[in-house]
Each structure stands twice: as structure tokens, then as C-alpha cells.
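Welcome to this short tour of a protein model. Have the sequence and the 3D view ready, and look up each residue as it comes along.

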Amino acid sequence: AMNETGNTGVVRRAGSMLSVYFGVDRVANMNDARRADRDAFKWLFSGLLERGVHAPPSPHESWFVSLAHTDAIIDHTIRAVRESLSELKWAATPMGL
């Protein structure tokens with residue numbers, strides 16, 4: 001979804017846990033993670049909350065996917081992420097500020 005919306009960042013995953021970082025092309029350690037764009041993450045977090053998706057409030061915390069998440073919940077989350085990322089890209093333009 002980041003590529004589709006023109007945002008830069010990386011998703012780190014281990015099993016069913018994942019973390020989202022903006023403005024970096026890799027995160028291999030905490031120094032890399034600290035360089036990520038926290039304001040962009042805040043925008044994503046707020047956009048997801050507005051759409052009923054409760055994600056962790058920090059890029060340093062993991063999202064968890066489990067068997068409790070139905071296909072409908074996962075589809076809703078994917079849609080909410082895409083919409084929020086689209087708004088994030090718009091907000092970074094001169095017209096959005």
C-alpha cells in the first residue's frame with residue numbers, strides 16, 4: 001500500500017507481528033528505527049482510528065495478526081491503511097499543508 005500511494009517506508013515482520021516505519025528504506029536496528037518519520041506514523045495512526053482500526057500508537061510497537069481476525073476484519077484494515085496512506089501523501093503536499 002505504501003508503494004501504491006507514493007509513500008516511502010518499510011514494514012518489518014516476524015511471524016504474525018509487524019511494525020511500520022516511514023521515510024526509511026530499511027530498519028535493521030534501533031538507530032535505523034529512530035530515523036523513521038514519526039509524524040507520518042502519527043498521521044497513519046490517527047487515520048486508522050478514525051476508520052475503527054486500533055493500531056499500536058508507536059512505530060516501535062508491533063501489530064499482531066491472529067486467528068481472531070476474520071477475513072472481513074483484515075479486509076477492513078487493509079482498506080483503512082490504503083485510505084490513510086492516501087491522505088498522508090496528500091497532507092505532505094503544499095495543498096495539504
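Let us begin with D39, which is exposed because its relative accessible area is 55%; exposed means over 50%, buried under 20% and partly exposed in between, with a 1.4 Å probe and protein chains only. Please keep in mind that this is a predicted model, where local features need pLDDT of at least 70 and side-chain atom pairs count only at pLDDT 80 or more, while totals for chains, interfaces and linings use all residues. Residues are numbered from 1 along each chain as its sequence is written, and side-chain values use heavy atoms, leaving out hydrogens and water.

**Salt bridges**

- The model has five salt bridges, each being a side-chain nitrogen of Lys or Arg within 4 Å of a carboxyl oxygen of Asp or Glu.
- One of them joins D39 to K42, with N and O 3.8 Å apart.
- Both D39 and K42 sit in helix α3 (residues 38-50), three residues apart, which is about one turn of the helix; helices (H or I, at least four residues) and strands (E, at least two) are DSSP runs numbered from the N terminus.
- Another salt bridge pairs E87 with R51, whose closest N and O atoms are 2.6 Å apart.
- This pair links distant parts of the chain, 36 residues apart: E87 belongs to helix α4 (residues 71-91), and R51 to the loop between α3 and β3 (63-64).
- How accessible are the two partners, E87 and R51? E87 is partly exposed, at 31% relative accessible area, whereas R51 counts as buried, at 19%.

**The nonpolar cores**

- The largest nonpolar core has 15 residues, and V20, F22, L44, L48, W63 and L85 touch the most other members.
- At least two residues of this core come from each of β2 (17-22), α3 and α4.
- A separate core has six residues, including Y21, V24, A33 and A36.
- In either case, a core is a set of buried Ala, Val, Leu, Ile, Met, Phe, Trp, Tyr and Cys residues joined through side-chain atoms within 4.5 Å.
- Click on F22 and explore its surroundings: beyond its neighbours within four places in sequence, its contacts (heavy atoms within 4.5 Å) include M2, T8, A36, F41, L44 and L85.

**Around S19**

- S19 is part of strand β2 and counts as buried, at 8% relative accessibility.
- What lies 3.3 Å from a polar atom of the S19 side chain? That is the backbone oxygen of E61.
- Apart from neighbours within four places in sequence, S19 is in contact with V10, V11, R12, P59, E61 and S62.

**At the surface**

- V65, I74 and I78 make up a nonpolar surface patch with about 210 Å² of accessible area together.
- I78 lies in helix α4 and is partly exposed, at 38% relative accessibility.
- D71 is in helix α4 too, and D71 is exposed, with 62% relative accessible area.
- How far apart are D71 and T8 in space? Their C-alpha atoms are 27 Å apart, and 63 residues separate D71 and T8 in sequence.

- Patches use residues with over 30% relative accessible area and no salt bridge, joining like charges within 9 Å and nonpolar side chains (Val, Leu, Ile, Met, Phe, Trp, Tyr) within 5 Å.
- Accessible areas come from the Shrake-Rupley method with a 1.4 Å probe, and for residues only the protein chains shown count as cover.

Note on methods
A polar contact is a pair of N or O atoms within 3.5 Å; within protein, one must be able to donate a hydrogen and the other to accept it, and residues adjacent in sequence count only if both atoms are side-chain atoms.
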